[in-house]
Amino acid sequence: MTAERIVVAGTGVAGLRAAERLRELGFGGELVMVNGEPHRPYHRPALSKQLITGELAPADLQLRSYLPLEATWRDSVSGLRVDTASHVLELPGSEYLRYDGLVIATGVHARQMPGAPAHNPRVHVLRTLDDAFAMHRTLAADASPVAVIGSGFTACEVAATARELGREVTIVSRSKTLLGRAVGSAIGERVTRLHRENGVALVTGAEVVQWLSQPFGVTMLLSNGQALTAGCVIVAIGGAPTVGWLRGGNLYLKDGVLCWPTCHVVGASDAVAAGDVAAWPNHRFDTRPRRVEHWLNAVEMGRAAAESLLAGPARARPFEPVPRFWSEQFGVRIQAAGMPSLGQYTVDLQNDGTSSVTGYLAGHRLVGVLSWDNPSAMVGWEAELERQLSAEPAPPAANPRPNGVPSHDPNVALVRPPSPNAIGPGFPKEHDDSTRNGMPTRL
Ligand SMILES: Cc1cc2nc3c(=O)[nH]c(=O)nc-3n(C[C@H](O)[C@H](O)[C@H](O)COP(=O)(O)OP(=O)(O)OC[C@H]3O[C@@H](n4cnc5c(N)ncnc54)[C@H](O)[C@@H]3O)c2cc1C
């Protein structure tokens with residue numbers, strides 16, 4: 001690609017690492033970083049952990065670029081609309097920015113809960129540094145109880161951190177176990193026990209049906225008839241891909257921006273997408289496009305998307321990572337690799353009662369591993385997973401023609417599925433069906 005101006009829309013870690021890779025590969029044209037936030041890129045995972053405890057200050061969170069980007073930064077400026085036919089990004093103030101290449105990396109935004117008093121200063125979501133500052137202010141104002149609504153990673157981490165600060169914490173969750181959707185019911189139950197043992201009150205199988213803002217806090221009436229009052233409420237019910245600004249174009253936006261295996265955006269051959277916002281088929285697993293909301297994936301996909309943009313659709317390589325993520329709660333480090341959510345059942349790969357490694361299987365195929373406070377064992381199991389998931393050779397044309405995508409369903413299989421891998425040596429061949437954990441086959 002001979003590009004004169006590449007625009008990076010969204011400068012979280014995916015956008016930053018994409019820009020860096022463009023320069024590494026020798027892109028010498030103009031680089032414009034359209035940064036929707038007032039802050040330069042920062043380490044988002046610390047927002048629910050070390051930033052709340054005060055272990056890290058905002059300055060510690062800043063991400064550095066590994067080489068001079070020599071970019072034009074447009075801070076606090078959000079892309080409003082993109083015209084993929086004329087290659088123009090519209091910015092506020094009727095500014096029209098022509099691009100030769102576009103990186104879409106606008107991530108996700110926190111979901112708001114219908115009916116929740118979002119403007120009450122005691123009620124928070126947690127996605128950005130400004131959200132974290134606001135939450136910090138409320139927590140510091142008094143020592144009143146904290147309520148966390150949700151059962152995903154952010155909910156669990158923020159509950160654990162508030163508890164470690166000595167606060168009375170209640171989690172209200174619709175599901176019976178914490179994290180169950182992401183890691184399956186067996187590990188989900190373990191996470192639930194961990195929170196209970198550390199003094200978190202759990203109201204499971206319930207939701208907030210009514211909110212009442214009071215001078216001293218927020219009272220929530222729950223579906224089980226219980227009333228709960230808290231001085232700080234964190235609504236942590238997940239994120240939605242930030243694609244509103246892309247509507248009206250020629251793109252597929254059902255759950256994120258639909259991409260070809262190479263990260264090229266379906267409907268625009270001079271645009272790529274990366275990070276939490278991008279849905280693409282990872283052929284290591286199957287052909288269904290999915291989004292992956294993990295830090296390391298955003299790093300790797302940002303770099304891969306930049307390579308693809310410069311190579312062009314015909315020469316680009318498919319992005320086929322083994323996704324990895326981690327979480328920390330009450331001093332327990334949970335690390336995972338692969339796609340545990342695709343597992344139909346689990347097996348113990350290692351377990352000494354305290355730390356463990358769990359394997360997730362779909363049929364006889366290992367699709368994920370998760371370690372519970374066992375980083376050293378995880379290294380070996382990650383390598384084993386990678387070996388077992390080694391992908392088929394890429395199809396001759398990395399990206400089938402865009403007009404092959406039916407307009408009614410963007411969740412199409414983009415190329416044929418890989419054949420299942422056999423279980424490798426050292427991996428249990430017999431599976432006890434009693435370990436079946438009822439986990440959905442996809443998130
Ligand atoms: C509290 C918290 C804790 C987390 N902890 C972990 C963890 O422990 N482990 C892990 O693996 N992952 C964790 N994650 C997930 C991880 O942070 C994300 O996967 C990662 O940040 C995704 O990076 P991204 O660049 O794709 O998107 P983002 O980081 O969301 O960046 C997107 C950027 O685009 C901007 N933007 C949006 N719209 C526009 C627009 N129209 N124009 C310009 N800019 C725009 C946004 O403001 C934002 O700055 C955590 C996330 C949160 C919120």
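1. In what follows, helices (H or I, at least four residues) and strands (E, at least two) are DSSP runs, numbered from the N terminus. By this rule the chain has seven helices and 27 strands. The model is a predicted one, in which local features need pLDDT of at least 70 and side-chain atom pairs count only at pLDDT 80 or more, whereas totals for chains, interfaces and linings use all residues. Residues are numbered from 1 along each chain as its sequence is written.

2. A residue is called buried if 20 or more other C-beta atoms lie within 10 Å of its own, exposed if 12 or fewer do, and partly exposed in between, with the C-beta atoms placed from the backbone. Of the 443 residues in the chain, 45% are buried. Two residues are in contact if their C-beta atoms, again placed from the backbone, lie within 7 Å.

3. The next point is the nonpolar interior, where a nonpolar core means a set of buried Ala, Val, Leu, Ile, Met, Phe, Trp, Tyr and Cys residues joined through C-beta atoms within 7 Å. In soluble globular proteins, nonpolar side chains tend to be buried together. The largest core here holds 63 residues, and those with the most contacts inside it are Ala-147, Val-148, Ala-159, Val-233 and Ile-234. Helix α4 (residues 153-164) contributes the most to this core, with seven residues. A second, separate core has 52 residues, including Ala-9, Leu-16, Met-301 and Ala-304. To return to Val-233, if residues up to four places away in sequence are left out, Val-233 touches Arg-122, Val-123, His-124, Ala-147, Ile-149 and Val-218.

4. An open sheet of five strands can be followed in the order β9-β16-β10-β11-β12, with parallel pairing, where two strands pair if DSSP finds at least two bridges between them. The edge strands are β9 (123-124) and β12 (201-204), each of which pairs on one side only. Strand β9 and strand β16 (residues 232-235) are parallel and share two bridges, and His-124 stands opposite Ile-234 in β16.

5. Five bridges join β1 (residues 5-9) to β2, and the two run parallel, with Ile-6 opposite Leu-31 in β2. Together β1, α1 and β2 make a right-handed β-α-β unit; right-handed is used if, with the strands pointing away from the viewer, the path from the first strand over the helix to the second runs clockwise. Strand β2 (residues 30-35) is mostly covered, as five of its six residues are buried. Strand β2 is also joined by four bridges to β3 (residues 72-75), in parallel, and the bridge partner of Asn-35 in β3 is Asp-75.

6. A further open sheet has three strands in the order β18-β21-β22, and its pairing is mixed. Since β18 (257-258) and β22 (289-290) stand at the edges with a single partner strand each, one side of each is left without a neighbour in the sheet. Strand β21 (residues 278-281) and β22 pair in the antiparallel sense over two bridges, and Pro-281 has Pro-289 in β22 as its bridge partner.

7. The surroundings of the ligand involve 34 residues, and the closest are Gly-10, Gly-12, Gly-36, Gly-107 and Gly-275; a residue counts as near if its C-beta atom, placed from the backbone, lies within 6 Å of the molecule. The elements that give two or more residues to this shell are α1 (13-24), α6 (295-311) and β23 (324-329). By class, the shell has 15 nonpolar, 14 polar and five charged residues, where Ala, Val, Leu, Ile, Met, Phe, Trp, Tyr, Cys and Pro count as nonpolar, Asp, Glu, Lys and Arg as charged, and the others, Gly among them, as polar.

8. Ser-94, although not a glycine, has a positive phi of about 55 degrees; Ser-94 is found in the loop between β5 (88-91) and β6 (95-98), and is exposed, with 7 other C-beta atoms within 10 Å. Cys-263, also a residue other than glycine, has a positive phi near 80 degrees. Cys-263 lies in the loop between β18 and β19 (264-265), and counts as buried because 30 C-beta neighbours fall inside 10 Å.
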